[in-house]
Structure formats: structure tokens, C-alpha cells
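I opened a new model today and kept short notes. Here is what I looked up, entry by entry.

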Amino acid sequence: MMHCTILYNKSTPDERWATDMAKSLDNEGVVAELLDADSSRGIDLAEHYDITARPALLIAAADGTPVALWQGREQMPLVSEIAHSARQ
């Protein structure tokens, strides 16, 4: 089972984008965890996967192995592509 995480900064335009993306993915049958980039878990995740841009969307296998990582809104693919990666 893949785990999908959306890392974003609260109280920025990216917060709205992140919540909209999570809803769109949910409509595709993919549950995405929203994670504040400034929280301790958010900081740990960013350091572990070398995430330097926000928002970021990470799909990882159950063991934590990254399957796909997109950083920055301009790099985000279509919701259908993200959902396809999450289902593999």
C-alpha cells in the first residue's frame, strides 16, 4: 500500500492548493495526508527525502521507499497521474 503525503506551508496560498489537491485525490480513491511543513514531522520528512520546495507531494511504499516526489506547484502533474502512481 502506498502512502501519499502533501507537504505544505500553513497560512499561505499553498494551504488552499494542498486541501484542494487532497480532495481531488480522494475523488480518485487516493487518501493523501496533509502535513504542515513547519511541524516536527514535516521537518523530519523534508530532511529525510531531501524536499526543498513547497508544496511537495510524496508517494512512498509501506517501507518508506519513495515511489514519486514532486516539488513546487509548477512541477505538479495532473491528479490522474498522481493517482496512477499511488496505485502502483
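Entry 1: Helices (H or I, at least four residues) and strands (E, at least two) are DSSP runs, numbered from the N terminus. The model is predicted, so I noted its limits: local features need pLDDT of at least 70, side-chain atom pairs count only at pLDDT 80 or more, and totals for chains, interfaces and linings use all residues. Residues are numbered from 1 along each chain as its sequence is written, and side-chain values use heavy atoms, with hydrogens and water left out.

I then looked at strand 3 and strand 4. They form a hairpin with five residues between them. In the turn, G64 has a positive phi of about 95°.

**Entry 2: A60.** I found A60 in strand 3. A60 stands opposite P66 in strand 4. Is A60 buried or exposed? Buried means under 20% relative accessible area, exposed over 50%, and partly exposed in between (1.4 Å probe, protein chains only). A60 has a relative accessible area of 7%, so I wrote "buried".

I also listed its contacts (heavy atoms within 4.5 Å). Leaving aside neighbours within four places in sequence, A60 touches M1, M2, H3, Y49, T65, P66 and V67. I checked C4 too. A60 and C4 are 56 residues apart in sequence, but their C-alpha atoms are 6.5 Å apart in space.

**Entry 3: helix 2.** Which residues of helix 2 (residues 40-49) are buried? I found G42, L45, A46 and Y49. They cover an arc of only 95° around the axis, so they sit on the same side of helix 2. The arc is that of the directions from the helix axis to the C-beta atoms. On the other side of helix 2, S40, E47 and H48 are exposed.

What covers the buried residues? The cover includes strand 1 (3-8), strand 2, strand 3 (56-60) and strand 4 (66-71). Just after helix 2, D50 takes a positive phi of about 55°.

**Entry 4: salt bridges.** I used this cut-off: a side-chain nitrogen of Lys or Arg within 4 Å of a carboxyl oxygen of Asp or Glu. A search of the whole structure finds four salt bridges.

- R73 and D14 meet at 3.2 Å, N to O. The pair links distant parts of the chain, 59 residues apart: R73 is in the loop between strand 4 and helix 3 (79-87), and D14 is in helix 1 (residues 13-27). R73 is partly exposed at 39%, and D14 is buried at 14%.
- D20 and R16 meet at 3.2 Å, N to O. Both lie in helix 1, four residues apart, about one turn of the helix. R16 is exposed at 59%.
- R41 and E33 meet at 2.6 Å, N to O. R41 is partly exposed at 47%, and so is E33 at 22%.

**Entry 5: D36.** D36 lies in strand 2 (residues 32-36). I noted that D36 is buried yet has no salt bridge. Lys and Arg count as positive and Asp and Glu as negative; His and the chain ends are not counted. Leaving aside neighbours within four places in sequence, D36 is in contact with L7, Y8, N9, K10 and G42.

How values were computed. Two strands pair if DSSP finds at least two bridges between them.
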